[in-house]
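Hi,

Here is the structure I promised to pass on. Have a look at it first, and then read my notes below.

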Amino acid sequence: MVIVATDDERIAEHVKKFGGDVSMTSSDHQSGTDRCAEVLKNIKGSFDVVINIQGDEPFIDPAQIELVANCFNGNETQIATLIKKTVSEEEIKNPNVVKVIRDKWHNAIYFSRSPIPYRRNPQAIIQYYKHIGIYGYRSDCLLHITKLDPGTFETAESLEQLRWIENGIRIRVKETEMETISIDTPDDLKKAFQYLNG
């Protein structure tokens with residue numbers, strides 16, 4: 001089942017025109033996660049996993065959705081998301097491009113708007129990863145995390161996933177090789193139009 005969750009009547013009307021399902025949600029939500037939780041509470045039926053494709057990631061590929069969904073084949077996964085290698089200094093230094101470090105078990109250690117890890121040793125070989133804005137949540141975990149208060153890390157970086165890490169919730173990260181265009185700034189929108197126009 002695919003549902004567009006929004007608090008904007010213009011978006012809702014557009015979705016209805018092409019025959020999509022839409023759910024009007026509160027305008028008080030601070031994140032797409034909160035919006036997904038509201039839909040989950042109100043929708044009829046039982047769902048094991050919810051996948052949140054964020055509005056600023058319109059170029060997510062179906063194969064990437066499947067990649068996230070497959071993370072839940074094992075019962076241990078609570079939340080899953082995607083990362084991609086980057087060697088672009090522009091991306092690494094851009095605070096609108098969120099960077100990720102992970103452990104040996106492919107769980108996120110930290111997300112940051114700053115380059116992480118910090119390269120103190122110039123000889124160190126570091127592979128940087130950027131975050132791709134798609135999340136999967138086990139349904140009970142989704143309802144739980146929306147009840148948590150923002151923590152120190154989230155407040156500092158304005159990244160909701162840091163609230164979950166600070167509360168001991170594991171975030172499984174899966175690597176994708178597909179490039180996406182995240183639209184966070186007017187310049188990003190120009191890149192998107194250039195991509196669509198060939």
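Let's start with H106, which is partly exposed, with a relative accessible area of 38% (buried means under 20% relative accessible area, exposed over 50%, and partly exposed in between, using a 1.4 Å probe and protein chains only). H106 is not a glycine, yet its phi is positive, at about 65 degrees. You'll find H106 in the loop between β5 (99–102) and β6; helices (H or I, at least four residues) and strands (E, at least two) are DSSP runs, numbered from the N terminus.

Before going on, keep in mind that this is a predicted model, where local features need pLDDT of at least 70, side-chain atom pairs count only at pLDDT 80 or more, and totals for chains, interfaces and linings use all residues. Residues are numbered from 1 along each chain as its sequence is written, and side-chain values use heavy atoms, with hydrogens and water left out.

S158 also isn't a glycine and has a positive phi, of about 55 degrees. S158 sits in the loop between α6 (152–157) and α7 (161–166) and counts as exposed, at 56% relative accessibility.

Next, the peptide bond joining I116 and P117 is cis, with omega about 0 degrees. P117 lies in the loop between β6 (108–112) and β7 (128–138).

And the cysteines? A disulfide is a pair of cysteine sulfur atoms within 2.5 Å, and by this rule the count is 0. C36 is in no disulfide, as the nearest cysteine sulfur, that of C141, is 13 Å away. C36 is buried, at 14% relative accessible area, and C141 is buried at 7%.

Cheers
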